[in-house]
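Hello,

Here is the structure I promised to pass on to you. Have a look at it first, and then read my notes below.

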Amino acid sequence: MKFYRSHVLVSVSDTSVLAGVHDFIKALRSELAKQKLSDEINVLETGPLGFFGRGICLSVYPEHVNYQDLKIEDIGELVEEHFLKGRPVRRLMLDSFGKFSPKFNYENRIVLRNSGVIDPESIDEYLGTGGYEAWEKALTEMQPMQIVEEVKASGLNGRGGAGFPAGVKWSFTANLEADQKYVVVNADEGEPGTFKDRLIMEGDPHQLIEGLMICARAVGATKAYIYIRGEYKLCIQRLEKALAQCREYGLLGKNILDSGFDLDIDIKIGAGAYVCGEETALIESLEGNRGNPRWKPPFPGVEGLWKKPTVVNNVETLANVPFIIKNGAAAFRKFGTEKCPGTKVYTILGDVAHPGLCEVDMGTTLRTIIDDYAGGMKQGFLFKAALVGGAAGVIISEKYLDVKMDFASLNEYAAVLGSGAILVLNEKESIVDILWSIIRFFRHESCGQCSPCRNGCQSLYNLITKIRKGDGTMDDVEMMITIAETMFGTSFCALGQSPIMAIRSAVENFKDEFIAITNK
Amino acid sequence: MYKEIFSKYEPTKDNLIYILHEIQDKHPQHYISEDAVDKVAEYLKVPANHIYGVLTFYTMYSTTPRGKNIIRLCESPPCYIKGTVNILRKLKALLDVEIGETTKDGHFTLELCACLGVCGNAPVMMINEDVYGDLTEEKVEDIIEKYRRAK
């Protein structure tokens, strides 16, 4: 093996591809060759680095210097100063602030522990970090029910939305006798403002696959699917590559590691429908139908894909599983709070200094996330509100900044946590306008199967459009709440049950704004 | 064309979504014609109305002819607050079309879409398979020009 003086990890994700990272890497390599540094400096492609930065970002090890927003024109200076003379180029560095030192950012990680550290396209690098040890343990040392019990004991809640305990979900399916069972990964991430699953898959596809394998073993499924949206091209490429590597290494297929267990995993691509994030709609879509949600019960765990017992889990949920199996439930419980152990991945957008991605303990307050991880508000902007959880989320005001973010403390707001989207709004943004945009989204995405949602979304849209124009009254605002409450009680699935959250929170937290616009 | 596509997929209903994707991608006008629906119905042995139902449910399919390049501008809240409205106005003016329409030369179709999951770079649009982020009116002009020149 060759030894290099420095390793340069360049983030190759959708964001940096947009900024032309491929050409950048080519130019960087050729400049290093020109300076005769190719044998000393190793340029590696990796996933998202765990800080956002803008444009093309890279980390230099072992000194752990982060650069952001690099251009091809910067390469000459970067190579000469940093790699030749050993003087980091301040002008291009991502400034550190508060707790935002890379070290801090890496300490508390489970899901993103490899993201930005290893080459996501190499199974050997994943194996080098202890990857697939949990899979081996699950296959050779543990009985399926032991795996289920371990996950139950860990207290892992589903990271897709509602936060249902994953181990309990698995136990329903594991206890059933059936000639065929399935596991499906829900990677149909469509909640506006949410892209944590994309970053998890781009940064460390093997970890998701390992979690999926362990789940399949636990419940006795021999066939698994990853249902992913068609727009996530880079994820699809990396997952396909990762699956091929697993087959080559004998980690997938027939009689895996001589355990007698068979498993195969296929990738299925969606066709663009928000409602397919609902697990029964997703199953309908996999079967080649319109993505209309099914009546529950029976729940998919009992009767799912092709009427067979099926576990549907979110990407982030499964990405936590290898850690739990390898290190035990107690190690997992060291993170987060008692009722909600573990970590949570958030994407922070909007008017903060460093929009980005972070993985923090469950129960971390929004204030900590904004101040310590996102560098506070962007200079010259004041905090007004945050839309937490995307369109199916809530609009919260300053008084919620110190509420612990976990499924237990957020109570009625808990359902919004799964998506991990935090959109920070400054004092100039209009809450009415944001709400209009959210309701327009629901109107478009309602599948139309049940009338409370189909008609309700349209009525809400008519009312909010009228209010936004300045033609509405406070009675119209009250009417919106009544309609959304009715939808909550009568809609077939979570889509129609969601608009109430944004509407009620917006009206409760920013009533003055609604009064002002209706008094015009 | 159909024969070649069908040969890749077993005639089972769960392959419908993939077959439709491929037919649409291969068609020069990026849509699924009535004729295609009939052919697929025959191959999969499912009623044509089921296929039509699927086709009109998912936003990625079109039942009307479209242009060579399909522009999909995200209108979800994170892009909306970053100025989708201005970008849309610019695109409409540049292309002289309304939402859902195709330019006279058949070169572009303008569509709106929901979140593309690249919100860190809002506002965002996709042209065919490629994503463009951090859009400004000037940037949009350059991008459209690039596609025009690639005629």
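A residue counts as buried if 20 or more other C-beta atoms lie within 10 Å of its own, as exposed if 12 or fewer do, and as partly exposed in between. Please keep in mind that this is a predicted model.

You will find Ile72(A) in the loop between β4 (65–70) and α3 (75–84) of chain A. Setting aside neighbours within four places in sequence, Ile72(A) is in contact with Asp23(A), Phe24(A) and Ala27(A).

Next, turn to helix α9 (residues 196–203) of chain A. Eight of its eight residues are buried, so helix α9 of chain A is largely enclosed by the rest of the structure. Among these buried residues of α9(A) are Leu199(A), Ile200(A) and Met201(A), and also Lys196(A), Asp197(A) and Arg198(A).

Finally, the two chains touch. Chain A brings 36 residues to the contact and chain B brings 30. On the side of chain B that touches chain A, at least two residues each come from α2 (16–26), α4 (48–57), α5 (77–81) and β4 (130–132) of chain B. Of these, α5(B) gives the most, with four residues. Sorted by class, that side of chain B has 18 nonpolar, nine polar and three charged residues.

Happy exploring!

Conventions:
Residues are numbered from 1 along each chain as its sequence is written. Chains are lettered from A and ligands numbered from 1 in the order in which they are written. This is a predicted model: local features need pLDDT of at least 70, side-chain atom pairs count only at pLDDT 80 or more; totals for chains, interfaces and linings use all residues. Two residues are in contact if their C-beta atoms, placed from the backbone, lie within 7 Å. Ala, Val, Leu, Ile, Met, Phe, Trp, Tyr, Cys and Pro count as nonpolar, Asp, Glu, Lys and Arg as charged, and the others, Gly among them, as polar.
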